[in-house]
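Have the sequence and the 3D view handy as you read.

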Amino acid sequence: MKIPLLLSAMFFSTVALFGYAGPLAATEQPAASNAQPAAADSPAPATQPEPMAVLKQMATYLRSLERFKVRVEKTTELILPTDQRLHQDQTVEIAIQKPDRLRADFQNLSGGRQLFYDGKTFTLYTPEPNVYASAAAAPTIDETLALLEDQYGISMPIADLLLADPQSSLVQNLESKTYVGQILVRGVACHHLAFQTPEADWEIWIEDGPKPLPRRLLLTDKSVEGSPQWTSELSDWDLAPQFPTDFFTFTPPQDAQKIKFLEAVPAAQSTKTAK
Amino acid sequence: MHSSLSTYLKRAMTVALIVGPMLALVSADVDARGRGGGGHGGVRAPRANIGGGGHHMNANRNVNRNVNRDMNRNVNRNVNVNRNVNVDVDRRWGYGGVGVGAAVAVGTAVAVGAIVSTLPSNCTTIVADGVSYRNCGGTFYVPSYDGPNVVYEVVNPPSGWNQ
């Protein structure tokens, strides 16, 4: 008589420990609930949220925003040749005005750097040592993000979420999808989702409520030896920012020097090669 | 001036001037090339984004890029036992006891085409033909962006410069 009681007490304290309001790890496959079928008249929600539906809600909501600002704090795990793991921090403030304005302020202790995209060109500016470079951009944010990554080696954290259809890049080659439960992330009630692809396990925490914003992303890259991770915390969402007219346009400060990208676009190079 | 081949050759010839903490290399790796592709014997970092990057990117392009860059970096390491080539701009060194030492310039006879991430301390800026040079004890550098980071390429003195 006592043992089942003890067991169920343990079960519930575990649930309490994890802080999940909903059932634990309710995956597509039937949850391992056979352990306690009779024990609990558990206050389970009437319907179990479907992970893809929650993700899609977020994607639709992000797409509906005409403009926004968000702060991204990313921690990237690095594995040294000695197998020591280190964690590197990066802070970026991203401002978007659809369909063709983007600005990113990368903050650091030596002046940071800024990326401007005004629909025609993009500019990277580094206040210390006061240099900048510009190049032709693509007509949309999506294409420009791809251009930056492909041609210039400039990665934008959370690029997946800035796309016109964030869902599309997030759900390629999925092997599993899980609605983990609900949990508090930095004071915000969130849905916790987990996905697997052959190369990566990733999780996302999406605000529960009328504004289904992503609050945290985590990725484990299984394709790299040691499976390093990164986590991005998304905070300070501003969904009605007032951008000054020239907010997305770079105006060179006094004495700023224009330099080149080492790896210029091939087209630009060939014109220069012709002597 | 540059074909992409010569750019790569230059990268391959890169000689580090700076003896610094291994961490410096680490950081630049993530910042500029953080789209996965560990496994070349260096620092391993996860890909930068869940979808691997931009919406329109296909896997092949991505892979090719990584191969090129990593190959060059391997060459760098072979040339340079001190292994530190890039210094990340997002980080200041020497806090928390993690860093291994301050950067020390070694500055003699640097090959034209070498790319470094930090200049020696004795540099002056001159502008010739609209190009901004750093003259560091008679060695001339031109800044440019490698990914999001500013690096310096060793060049010949501007024409008309009298040693």
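Start with A:I158, which sits in the loop between α3 (141–152) and α4 (159–162) of chain A. Keep in mind that this is a predicted model.

**Positive phi angles**

- A:I158 isn't a glycine, yet its phi is positive, at about 55°.
- Is A:I158 buried or exposed? With a relative accessible area of 2%, A:I158 is buried, because buried means under 20%.
- A:D83 is another non-glycine residue with a positive phi, this one about 75°.
- To find A:D83, look in the loop between β2 (67–79) and β3 of chain A.
- A:D83 has a relative accessibility of 47%, so it counts as partly exposed. The exposed label would need a value over 50%.

**Cis peptide bonds**

- Going from A:K98 to A:P99, the peptide bond is cis, and its omega is near 5°.
- Where is A:P99 found? Look at the loop of chain A that runs between β3 (85–97) and β4 (101–107).
- The bond joining A:E128 to A:P129 is cis too, with omega near 20°.
- A:P129 lies in a loop of chain A, between β6 (121–126) and β7 (131–136).

**Around β3**

- β3 is a handy landmark on chain A: A:D83 is in the loop between β2 and β3, and A:P99 is in the loop between β3 and β4.

Conventions: Residues numbered from 1 in each chain as written. Chains lettered and ligands numbered in written order. Predicted model: local features only at pLDDT ≥ 70, side-chain atom pairs only at ≥ 80, totals over all residues. Heavy atoms only, no water. Helix = DSSP H or I, 4+ residues; strand = E, 2+ residues; numbered from the N terminus. Buried < 20%, exposed > 50% of the residue type's maximum accessible area, 1.4 Å probe, protein only.
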